[in-house]
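The following questions and answers examine one structure, shown below. Please keep the sequence and the model in view while reading.

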Protein chains: 2
Amino acid sequence: MLQLSKKVEYGLIALRHMAMKPLGTVFTAKELAKEYDLPYELLAKILQKLARAGMVRSLQGVRGGYSLAKRADELTVADVINVIEETRPMVAECYTEGPESCYLFGSCTIRRPLGKLQRNLNVLFDEMTVQEIV
Amino acid sequence: MLQLSKKVEYGLIALRHMAMKPLGTVFTAKELAKEYDLPYELLAKILQKLARAGMVRSLQGVRGGYSLAKRADELTVADVINVIEETRPMVAECYTEGPESCYLFGSCTIRRPLGKLQRNLNVLFDEMTVQEIV
DNA sequence: CGTATGTAGGACTTACTAGGTCGGATTTCC
DNA sequence: GGAAATCCGACCTAGTAAGTCCTACATACG
(Lines give C-alpha, C1' and ligand atoms only; values in the text may rest on other atoms or scores of the structure.)
Protein backbone atom coordinates (compact mmCIF):
# COMPACT_ATOMS: atom_id res chain seq x y z
CA MET A 1 0.00 0.00 0.00
CA LEU A 2 0.91 3.57 -0.58
CA GLN A 3 3.61 2.73 -3.06
CA LEU A 4 4.35 4.28 -6.37
CA SER A 5 3.52 1.86 -9.17
CA LYS A 6 6.20 0.25 -11.28
CA LYS A 7 4.89 2.21 -14.22
CA VAL A 8 5.61 5.47 -12.49
CA GLU A 9 9.04 4.24 -11.44
CA TYR A 10 9.87 3.20 -14.97
CA GLY A 11 8.59 6.47 -16.33
CA LEU A 12 10.71 8.46 -13.92
CA ILE A 13 13.78 6.38 -14.69
CA ALA A 14 13.30 6.96 -18.41
CA LEU A 15 12.66 10.68 -18.04
CA ARG A 16 15.63 11.12 -15.80
CA HIS A 17 17.81 9.29 -18.31
CA MET A 18 16.67 11.59 -21.08
CA ALA A 19 17.25 14.60 -18.90
CA MET A 20 20.92 13.72 -18.60
CA LYS A 21 21.66 14.40 -22.27
CA PRO A 22 21.05 17.62 -24.18
CA LEU A 23 17.43 18.53 -24.81
CA GLY A 24 16.27 17.03 -28.11
CA THR A 25 18.38 13.90 -27.97
CA VAL A 26 16.39 10.93 -29.23
CA PHE A 27 16.17 7.63 -27.40
CA THR A 28 14.41 4.48 -28.49
CA ALA A 29 12.24 2.53 -26.11
CA LYS A 30 14.36 -0.54 -26.71
CA GLU A 31 17.54 1.27 -25.82
CA LEU A 32 16.05 2.61 -22.60
CA ALA A 33 14.62 -0.76 -21.65
CA LYS A 34 17.93 -2.45 -22.22
CA GLU A 35 19.90 0.12 -20.27
CA TYR A 36 17.86 -0.38 -17.11
CA ASP A 37 16.61 -3.90 -17.79
CA LEU A 38 12.97 -2.87 -17.87
CA PRO A 39 10.22 -4.78 -19.71
CA TYR A 40 10.28 -3.31 -23.19
CA GLU A 41 6.58 -3.40 -24.08
CA LEU A 42 5.56 -1.89 -20.79
CA LEU A 43 8.07 0.91 -21.01
CA ALA A 44 6.97 1.57 -24.60
CA LYS A 45 3.42 2.09 -23.48
CA ILE A 46 4.48 4.40 -20.72
CA LEU A 47 6.45 6.49 -23.17
CA GLN A 48 3.45 6.58 -25.46
CA LYS A 49 1.34 7.96 -22.66
CA LEU A 50 3.94 10.57 -21.86
CA ALA A 51 4.01 11.44 -25.55
CA ARG A 52 0.25 11.86 -25.75
CA ALA A 53 0.46 14.13 -22.75
CA GLY A 54 3.10 16.23 -24.46
CA MET A 55 5.85 15.52 -21.97
CA VAL A 56 8.00 13.79 -24.56
CA ARG A 57 8.02 14.07 -28.32
CA SER A 58 7.79 10.87 -30.35
CA LEU A 59 9.33 10.28 -33.77
CA GLN A 60 8.06 7.36 -35.78
CA GLY A 61 9.93 5.37 -38.35
CA VAL A 62 13.34 3.88 -38.58
CA ARG A 63 15.28 6.68 -36.95
CA GLY A 64 12.49 7.31 -34.50
CA GLY A 65 12.30 7.33 -30.75
CA TYR A 66 11.49 9.71 -27.94
CA SER A 67 12.93 12.98 -26.79
CA LEU A 68 12.06 15.30 -23.94
CA ALA A 69 9.51 17.90 -24.92
CA LYS A 70 10.13 20.09 -21.90
CA ARG A 71 12.96 21.01 -19.63
CA ALA A 72 13.44 18.67 -16.71
CA ASP A 73 12.58 21.39 -14.23
CA GLU A 74 9.22 21.83 -15.92
CA LEU A 75 8.25 18.21 -15.39
CA THR A 76 6.86 17.65 -11.93
CA VAL A 77 6.58 14.23 -10.38
CA ALA A 78 2.91 15.04 -9.84
CA ASP A 79 2.43 15.43 -13.58
CA VAL A 80 4.21 12.19 -14.33
CA ILE A 81 2.03 10.29 -11.88
CA ASN A 82 -1.04 12.02 -13.13
CA VAL A 83 -0.35 11.09 -16.74
CA ILE A 84 0.79 7.53 -16.19
CA GLU A 85 -1.76 6.63 -13.56
CA GLU A 86 -4.50 8.67 -15.18
CA THR A 87 -5.44 9.97 -11.77
CA ARG A 88 -3.98 12.09 -9.04
CA PRO A 89 -2.51 10.16 -6.16
CA MET A 90 -5.28 10.37 -3.63
CA VAL A 91 -5.22 9.13 -0.11
CA ALA A 92 -8.80 7.89 -0.24
CA GLU A 93 -10.97 7.00 -3.19
CA CYS A 94 -13.74 9.39 -2.33
CA TYR A 95 -11.43 12.19 -3.40
CA THR A 96 -11.00 10.79 -6.89
CA GLU A 97 -14.27 8.99 -7.43
CA GLY A 98 -16.58 11.34 -5.64
CA PRO A 99 -19.10 10.82 -2.86
CA GLU A 100 -21.02 8.03 -4.66
CA SER A 101 -17.97 5.81 -4.56
CA CYS A 102 -18.14 5.36 -0.83
CA TYR A 103 -21.20 4.12 0.95
CA LEU A 104 -19.73 5.52 4.15
CA PHE A 105 -19.64 9.03 2.85
CA GLY A 106 -22.32 10.29 5.16
CA SER A 107 -20.93 8.73 8.29
CA CYS A 108 -17.25 8.99 7.44
CA THR A 109 -15.50 10.97 10.12
CA ILE A 110 -11.98 10.99 8.78
CA ARG A 111 -12.56 12.58 5.43
CA ARG A 112 -11.83 16.13 6.40
CA PRO A 113 -8.64 15.42 8.28
CA LEU A 114 -7.39 13.17 5.50
CA GLY A 115 -8.10 15.97 3.10
CA LYS A 116 -5.56 18.04 4.95
CA LEU A 117 -3.04 15.24 4.66
CA GLN A 118 -3.88 15.00 0.99
CA ARG A 119 -3.13 18.63 0.36
CA ASN A 120 0.23 18.31 2.03
CA LEU A 121 0.96 15.26 -0.06
CA ASN A 122 0.05 17.09 -3.24
CA VAL A 123 2.49 19.81 -2.39
CA LEU A 124 5.29 17.27 -2.09
CA PHE A 125 4.61 15.81 -5.51
CA ASP A 126 4.00 19.16 -7.11
CA GLU A 127 7.23 20.59 -5.88
CA MET A 128 9.43 17.73 -6.99
CA THR A 129 10.61 17.87 -10.58
CA VAL A 130 12.53 15.50 -12.82
CA GLN A 131 15.38 17.95 -12.58
CA GLU A 132 15.82 17.01 -8.95
CA ILE A 133 16.26 13.33 -9.64
CA VAL A 134 19.06 13.77 -12.13
CA MET B 1 -2.29 3.37 -6.14
CA LEU B 2 -0.91 5.38 -3.29
CA GLN B 3 -4.03 5.06 -1.25
CA LEU B 4 -4.44 4.30 2.38
CA SER B 5 -5.90 0.82 2.80
CA LYS B 6 -9.41 0.25 4.08
CA LYS B 7 -7.91 -1.32 7.15
CA VAL B 8 -6.13 1.87 8.03
CA GLU B 9 -9.23 3.90 7.33
CA TYR B 10 -11.33 1.65 9.56
CA GLY B 11 -8.70 1.78 12.24
CA LEU B 12 -8.61 5.54 12.19
CA ILE B 13 -12.38 5.78 12.26
CA ALA B 14 -12.51 3.50 15.27
CA LEU B 15 -9.74 5.30 17.13
CA ARG B 16 -11.26 8.64 16.44
CA HIS B 17 -14.60 7.42 17.74
CA MET B 18 -13.01 6.24 20.95
CA ALA B 19 -11.17 9.51 21.31
CA MET B 20 -14.46 11.38 21.46
CA LYS B 21 -15.46 9.89 24.80
CA PRO B 22 -13.52 10.04 28.06
CA LEU B 23 -10.33 8.01 28.20
CA GLY B 24 -11.08 4.52 29.49
CA THR B 25 -14.54 4.20 27.98
CA VAL B 26 -15.03 0.69 26.62
CA PHE B 27 -16.40 -0.02 23.16
CA THR B 28 -17.16 -3.38 21.61
CA ALA B 29 -16.09 -4.21 18.10
CA LYS B 30 -19.68 -4.95 17.20
CA GLU B 31 -20.86 -1.60 18.42
CA LEU B 32 -18.19 0.24 16.46
CA ALA B 33 -18.85 -1.79 13.32
CA LYS B 34 -22.54 -1.08 13.54
CA GLU B 35 -22.08 2.62 14.15
CA TYR B 36 -20.09 3.12 10.96
CA ASP B 37 -21.37 0.13 8.98
CA LEU B 38 -17.97 -1.52 8.77
CA PRO B 39 -17.42 -5.26 8.31
CA TYR B 40 -17.37 -6.62 11.83
CA GLU B 41 -14.78 -9.39 11.52
CA LEU B 42 -12.34 -7.14 9.72
CA LEU B 43 -12.68 -4.35 12.23
CA ALA B 44 -12.25 -6.86 15.03
CA LYS B 45 -8.93 -7.97 13.62
CA ILE B 46 -7.77 -4.43 13.26
CA LEU B 47 -8.61 -3.70 16.86
CA GLN B 48 -6.75 -6.83 17.90
CA LYS B 49 -3.66 -5.61 16.13
CA LEU B 50 -3.96 -2.24 17.76
CA ALA B 51 -4.34 -4.02 21.09
CA ARG B 52 -1.23 -6.13 20.59
CA ALA B 53 0.65 -2.96 19.76
CA GLY B 54 -0.54 -1.38 22.97
CA MET B 55 -2.52 1.41 21.36
CA VAL B 56 -5.80 0.16 22.77
CA ARG B 57 -6.52 -2.00 25.77
CA SER B 58 -8.67 -5.06 25.28
CA LEU B 59 -10.97 -6.60 27.84
CA GLN B 60 -12.17 -10.11 27.25
CA GLY B 61 -15.37 -11.66 28.42
CA VAL B 62 -18.95 -10.61 28.49
CA ARG B 63 -18.45 -7.00 29.53
CA GLY B 64 -15.36 -6.75 27.38
CA GLY B 65 -14.36 -4.50 24.53
CA TYR B 66 -11.68 -1.99 23.69
CA SER B 67 -10.60 1.27 25.19
CA LEU B 68 -7.90 3.72 24.24
CA ALA B 69 -4.61 2.99 25.95
CA LYS B 70 -3.10 6.36 25.16
CA ARG B 71 -4.23 9.89 24.73
CA ALA B 72 -5.31 10.75 21.20
CA ASP B 73 -2.47 13.21 20.82
CA GLU B 74 0.00 10.42 21.51
CA LEU B 75 -1.29 8.30 18.66
CA THR B 76 0.25 9.31 15.37
CA VAL B 77 -1.19 8.32 12.05
CA ALA B 78 2.24 6.91 11.24
CA ASP B 79 1.98 4.54 14.17
CA VAL B 80 -1.49 3.42 13.19
CA ILE B 81 -0.37 2.66 9.64
CA ASN B 82 2.73 0.98 10.89
CA VAL B 83 0.82 -1.33 13.19
CA ILE B 84 -2.05 -2.19 10.89
CA GLU B 85 -0.01 -2.54 7.73
CA GLU B 86 2.92 -4.11 9.53
CA THR B 87 5.21 -1.88 7.56
CA ARG B 88 5.95 1.76 7.18
CA PRO B 89 4.32 3.34 4.18
CA MET B 90 7.17 3.34 1.73
CA VAL B 91 7.18 4.85 -1.68
CA ALA B 92 9.18 1.99 -3.20
CA GLU B 93 9.60 -1.56 -2.05
CA CYS B 94 13.36 -1.44 -1.85
CA TYR B 95 12.98 0.74 1.23
CA THR B 96 10.95 -1.84 3.09
CA GLU B 97 12.26 -5.06 1.62
CA GLY B 98 15.86 -4.14 1.22
CA PRO B 99 18.18 -4.20 -1.78
CA GLU B 100 17.60 -7.87 -2.59
CA SER B 101 13.95 -7.21 -3.30
CA CYS B 102 14.71 -5.27 -6.44
CA TYR B 103 16.80 -6.65 -9.25
CA LEU B 104 17.25 -3.08 -10.47
CA PHE B 105 18.93 -1.98 -7.29
CA GLY B 106 22.32 -1.50 -8.88
CA SER B 107 21.10 0.41 -11.88
CA CYS B 108 18.22 2.23 -10.24
CA THR B 109 18.68 5.93 -10.60
CA ILE B 110 15.66 7.22 -8.79
CA ARG B 111 16.22 5.67 -5.41
CA ARG B 112 17.98 8.56 -3.79
CA PRO B 113 15.54 11.22 -4.92
CA LEU B 114 12.60 9.08 -3.93
CA GLY B 115 14.23 8.69 -0.57
CA LYS B 116 13.93 12.41 -0.11
CA LEU B 117 10.28 12.27 -1.01
CA GLN B 118 9.90 9.42 1.41
CA ARG B 119 11.33 11.38 4.30
CA ASN B 120 8.98 14.25 3.62
CA LEU B 121 6.10 11.84 3.54
CA ASN B 122 7.13 10.32 6.83
CA VAL B 123 7.09 13.72 8.43
CA LEU B 124 3.51 14.23 7.32
CA PHE B 125 2.36 10.98 8.86
CA ASP B 126 4.46 11.41 11.97
CA GLU B 127 3.08 14.81 12.68
CA MET B 128 -0.55 13.92 12.33
CA THR B 129 -2.21 12.46 15.41
CA VAL B 130 -5.60 10.96 16.11
CA GLN B 131 -6.29 14.07 18.15
CA GLU B 132 -6.36 16.09 14.96
CA ILE B 133 -9.03 14.00 13.35
CA VAL B 134 -11.50 14.32 16.17
C1' DC C 1 10.43 0.33 -54.12
C1' DG C 2 10.74 -2.86 -50.05
C1' DT C 3 12.75 -4.00 -45.96
C1' DA C 4 14.52 -3.01 -41.44
C1' DT C 5 13.46 -0.45 -37.60
C1' DG C 6 10.85 2.20 -35.06
C1' DT C 7 6.18 3.84 -32.63
C1' DA C 8 0.85 2.95 -31.66
C1' DG C 9 -2.21 0.50 -29.33
C1' DG C 10 -5.72 -3.12 -28.38
C1' DA C 11 -6.32 -7.73 -26.30
C1' DC C 12 -4.92 -10.98 -23.41
C1' DT C 13 -2.66 -13.63 -19.41
C1' DT C 14 -0.84 -14.06 -15.04
C1' DA C 15 0.14 -13.33 -10.26
C1' DC C 16 -0.64 -10.95 -6.30
C1' DT C 17 -3.16 -9.08 -2.60
C1' DA C 18 -6.65 -6.17 -0.34
C1' DG C 19 -10.80 -7.02 1.48
C1' DG C 20 -13.90 -9.86 3.37
C1' DT C 21 -15.71 -14.31 5.53
C1' DC C 22 -15.90 -18.50 8.40
C1' DG C 23 -15.09 -21.55 12.19
C1' DG C 24 -13.78 -22.52 16.41
C1' DA C 25 -11.10 -21.54 20.85
C1' DT C 26 -10.75 -18.82 24.92
C1' DT C 27 -12.09 -15.55 28.50
C1' DT C 28 -15.25 -13.54 31.79
C1' DC C 29 -19.48 -11.88 33.84
C1' DC C 30 -23.98 -13.12 35.62
C1' DG D 1 -23.52 -23.21 32.70
C1' DG D 2 -24.49 -20.00 29.20
C1' DA D 3 -24.21 -15.59 26.96
C1' DA D 4 -21.24 -12.20 25.15
C1' DA D 5 -17.19 -10.79 24.18
C1' DT D 6 -12.12 -11.17 22.36
C1' DC D 7 -8.71 -14.04 19.83
C1' DC D 8 -6.78 -16.00 15.75
C1' DG D 9 -5.81 -18.93 11.95
C1' DA D 10 -7.59 -20.48 7.51
C1' DC D 11 -9.99 -19.59 3.66
C1' DC D 12 -12.29 -17.33 -0.36
C1' DT D 13 -12.92 -13.83 -3.88
C1' DA D 14 -12.69 -10.05 -6.92
C1' DG D 15 -9.99 -6.50 -8.61
C1' DT D 16 -5.86 -4.93 -10.59
C1' DA D 17 -0.89 -4.24 -11.35
C1' DA D 18 2.44 -6.04 -14.24
C1' DG D 19 3.75 -8.14 -18.07
C1' DT D 20 3.14 -10.29 -22.83
C1' DC D 21 1.50 -10.83 -27.53
C1' DC D 22 0.03 -9.45 -31.89
C1' DT D 23 -0.96 -6.45 -35.57
C1' DA D 24 -1.05 -1.98 -37.79
C1' DC D 25 1.24 2.01 -39.20
C1' DA D 26 5.33 5.33 -40.17
C1' DT D 27 9.74 6.38 -42.19
C1' DA D 28 14.65 6.32 -43.37
C1' DC D 29 17.73 4.24 -46.41
C1' DG D 30 19.79 0.79 -49.45
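Q: What percentage of the 134 residues in chain A is made up of buried residues?
A: The model is predicted, so local features need pLDDT of at least 70 and side-chain atom pairs count only at pLDDT 80 or more, while totals for chains, interfaces and linings use all residues. Residues are numbered from 1 along each chain as written, chains are lettered from A and ligands numbered from 1 in the order written, and side-chain values use heavy atoms without hydrogens or water. Buried means under 20% relative accessible area, exposed over 50% and partly exposed in between (1.4 Å probe, protein chains only). By this criterion, the buried share of the 134 residues in chain A is 49%.

Q: What pattern does chain A follow along the sequence?
A: Helices (H or I, at least four residues) and strands (E, at least two) are DSSP runs, numbered from the N terminus. Chain A contains 6 helices and 2 strands, and its C-alpha trace spans about 60 × 25 × 25 Å along the principal axes. Read in order, the pattern is α-α-α-β-β-α-α-α.

Q: Which elements are included in what covers the buried residues of H6(B)?
A: Helix H6 of chain B covers residues 111-127 and reaches 24 Å from its first C-alpha to its last, close to the 24 Å expected at 1.5 Å a residue, where the expected span is 1.5 Å times one less than the number of residues. Its buried residues include B:Leu114, B:Leu117, B:Leu121 and B:Phe125. Contact means heavy atoms within 4.5 Å. The covering elements include H4 (77-85) and H5 (93-97) of chain B, together with H1 (6-20) and H6 (111-127) of chain A.

Q: Which element gives the most to the surface near DNA strand C?
A: A residue is near a strand if one of its heavy atoms lies within 4 Å of it. Of the 25 residues around DNA strand C, those that come nearest are A:Lys45, A:Gln60, A:Tyr66, B:Lys45 and B:Gln60. Both protein chains supply elements with at least two residues each, among them S1 (56-59) of chain A and H1 (6-20) of chain B. The element that gives the most, with 4 residues, is H3(A).

Q: How far is a polar side-chain atom of B:Tyr10 from a phosphate oxygen of DNA strand C?
A: Sugar or phosphate holds 72% of the atoms of DNA strand C within 4 Å of the protein. For the side chain of B:Tyr10, the distance is 3.2 Å.

Q: Which residue has a side-chain N or O atom 2.4 Å from a base nitrogen of DNA strand D?
A: DNA strand D is surrounded by 26 residues, and B:Ser58 is one of the closest. Sugar and phosphate account for 73% of its atoms that come within 4 Å of the protein. A backbone N or O atom of A:Lys6 lies 3.0 Å from a phosphate oxygen of DNA strand D. The residue whose side chain lies 2.4 Å from a base nitrogen is B:Lys45.

Note on methods
Polar contact = N/O pair within 3.5 Å; in protein donor to acceptor, adjacent residues only side chain to side chain.
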